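Please keep the sequence and the three-dimensional view at hand while reading.

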Amino acid sequence: NIEVRTTRNGPIINDVFDGYSNSQPVSLWWTFTQSDNPMLEAFYGMNHANNIDEFALAVQGIHAPGLNIMYANADNNIGWWAAARIPKRPDHVLPWQILDGASGLDSPQGFYDFKYNPQEVNPDRGYIVSANARQHKYLDFMTPGYYNFPARAEKITEKISALDQATLANQQPIQLDIGSDYAKRALTTMLTTLAESEKSNNPELVQQLQQWDGNFTLSSIAATVFIEWQYQLAEQAFNDELGDDLFGLMKRTRKIDYGFYNILKAPNSPWWNSINNDQVNSMSDVVNNSWETTLTTLSNNLGENWRDWQWQKVHTFELAHALGASKLLRPLFNIGPVPVVGAHAVPNNLSQKFTSGHHSVTAGPSTRRLIDFAQPEKSLGILPAGQSGNPFDRHYKDQFELYTQGQYRPQIMDMDTSSTKSTLTFQP
């Protein structure tokens, strides 16, 4: 049994939200608790839809949580809907801030009709890209939401728009792309701001960084240095104003992505100034101080020779089983760890937390799929582990190596038993 304190705006979250120590009560208003939310009926309708119109009607039954729903059929129809009930808020309300729950003046005033939800059906450009990024205004209405940083969506769009025709072959490198234009541009800005004296102390390393193409390959030294420097710079810019608790919360949200890249474009931002001393700091001060901290941290963690600072030394992927938390049982139940390419906010989104030191993958594609609707029997796919959740089954991890190496396997799309490898029988 647990005790939940509730208000007209929803449950009080102070007791359960790790890291929020403010004594003032904060409640969570969520569409999920304010709606009938016929989720099962919606998915039943989507699975039984005969055409795109029936499918679109069924999507309206998804109220919360918000989901991106993508559609395609063999009749050359494609569609995308941001599926959720969108609350109407007073004009003065910024929904990503903590609001005044006592007066009622900040409370939602109902829900918008589904026609205002961002959506696309058969656009003239011939393709749709989501990657959970914010889209442009739809019906002159910008839908608020917790969108992903746009780097992945922009990279995917760039790659697809350059193609004359999409094929299974040319879509694979797009899914597996490990480049970040944002990271490359940010590193260029940081190096330009870095003092000449600092550059002259490490000329070969600086040259490596200047030549970085933004790809997070296993052998990349620049990738390792950039990610560490990114953290140290953000920590020195934000932590003194926010404090450890709030900066710790910021690191767990998408705000850290926007915050880091935005201040690099704002050399006069007040975030550069330190409130912990009397002197006025500049962007140059923080860039140089964080550079020194980066070199010290990497030397302590990976050795003093910067040529040993490859991305594969710090970016690893391990699939953890619940029983693998025990050191004794870890080799038996967990899969990995192994070094992997990719990173946070690239198309091959083997993402790590925003932190210093080692960067274990904490999120990534739960599956990769490529489906040619003209030839569905030739579809490709891969899972991170295997088809079986049983650690003692031979299919528990038989796709892990393929997945981490960016390979695919044919998908069995019919009941032809000649392609069957084994049979699992359920008995009452």
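The structure is a predicted model.

**Helix packing**

Two helix pairs are described here. Helix 1 covers residues 39–47, and its axis comes within 8 Å of the axis of helix 2, with a crossing at roughly 175°. An angle over 145 degrees counts as roughly antiparallel, and helix 1 and helix 2 are therefore roughly antiparallel to each other. On the side of helix 1 the contact is made by Ala-42, Gly-45 and Met-46, and on the side of helix 2 by Phe-55, Ala-58 and Val-59. By class, the residues in the contact of helix 1 with helix 2 are five nonpolar, one polar and no charged.

The second pair consists of helix 5 (residues 181–193) and helix 8 (residues 221–251), which pack at an angle of about 65° with their axes 11 Å apart. Angles of 65 to 115 degrees count as roughly perpendicular, and helix 5 and helix 8 are therefore roughly perpendicular to each other. The crossing of helix 5 and helix 8 is left-handed. Helix 5 contributes Ala-183, Ala-186, Leu-187, Met-190 and Leu-191, which meet Phe-226, Trp-229, Gln-230 and Leu-233 of helix 8. The contact of helix 5 with helix 8 has eight nonpolar residues, one polar residue and no charged residues.

**Aromatic pairs**

How many aromatic pairs does the structure hold? There are 22 aromatic pairs in the structure. One of them joins Phe-55 and Trp-81 in a tilted arrangement, with 5.7 Å from centre to centre and 40° between the planes. Phe-55 belongs to helix 2 (residues 52–59) and Trp-81 to strand 4 (residues 78–83), so the pair ties together parts that are 26 residues apart in sequence. Phe-55 counts as buried, at 8% relative accessibility. Trp-81 is likewise buried, with a relative accessible area of 2%.

One aromatic cluster is formed by Phe-149, Tyr-182, Trp-212, Phe-216, Phe-226, Tyr-258, Phe-260, Tyr-261 and Trp-311.

**Backbone geometry**

The bond from Ala-64 to Pro-65 is cis, with omega near -5°, and Pro-65 is placed in the loop between helix 2 and strand 3 (67–72). The bond from Gly-336 to Pro-337 is also cis, with omega near 5°, and Pro-337 is found in strand 7 (residues 335–339).

Positive phi values occur at two asparagines. Asn-76 has a phi near 70°, a positive value in a residue other than glycine, and is found in the loop between strand 3 and strand 4. Asn-122 is not a glycine either, yet has a positive phi of about 50°; its place is in the loop between strand 5 and helix 3 (151–161).

Pro-95 lies in the loop between strand 4 and strand 5 (119–121). Apart from neighbours within four places in sequence, Pro-95 is in contact with Arg-89 and Pro-144. Pro-95 and Glu-3 are 92 residues apart in sequence, and their C-alpha atoms are 27 Å apart in space.

Gln-171 is located in helix 4 (residues 168–175). Not counting residues up to four places away in sequence, Gln-171 touches Ile-160, Leu-163, Ala-166 and Leu-370. Is Gln-171 buried or exposed? At 16% relative accessibility, Gln-171 counts as buried.

| Residue | Relative accessible area | Class |
|---|---|---|
| Asn-76 | 70% | exposed |
| Asn-122 | 34% | partly exposed |
| Pro-95 | 28% | partly exposed |
| Gln-171 | 16% | buried |

Technical notes. Residues are numbered from 1 along each chain as its sequence is written. This is a predicted model: local features need pLDDT of at least 70, side-chain atom pairs count only at pLDDT 80 or more; totals for chains, interfaces and linings use all residues. Side-chain values use heavy atoms; hydrogens and water are left out. Axes are lines fitted to C-alpha atoms, for helices over the stretch in contact, and angles run from 0 to 180 degrees between N-to-C directions. Helices (H or I, at least four residues) and strands (E, at least two) are DSSP runs, numbered from the N terminus. Angles under 35 degrees count as roughly parallel, over 145 as roughly antiparallel, 65 to 115 as roughly perpendicular and the rest as oblique. A crossing is left-handed if the near helix is turned anticlockwise from the far one by less than a right angle, and right-handed if clockwise. Contact means heavy atoms within 4.5 Å. Ala, Val, Leu, Ile, Met, Phe, Trp, Tyr, Cys and Pro count as nonpolar, Asp, Glu, Lys and Arg as charged, and the others, Gly among them, as polar. Rings of Phe, Tyr and Trp (its six-membered ring) pair if their centres lie within 6.5 Å; planes under 30 degrees apart count as stacked, over 60 as edge-to-face and the rest as tilted. Buried means under 20% relative accessible area, exposed over 50%, partly exposed in between (1.4 Å probe, protein chains only).
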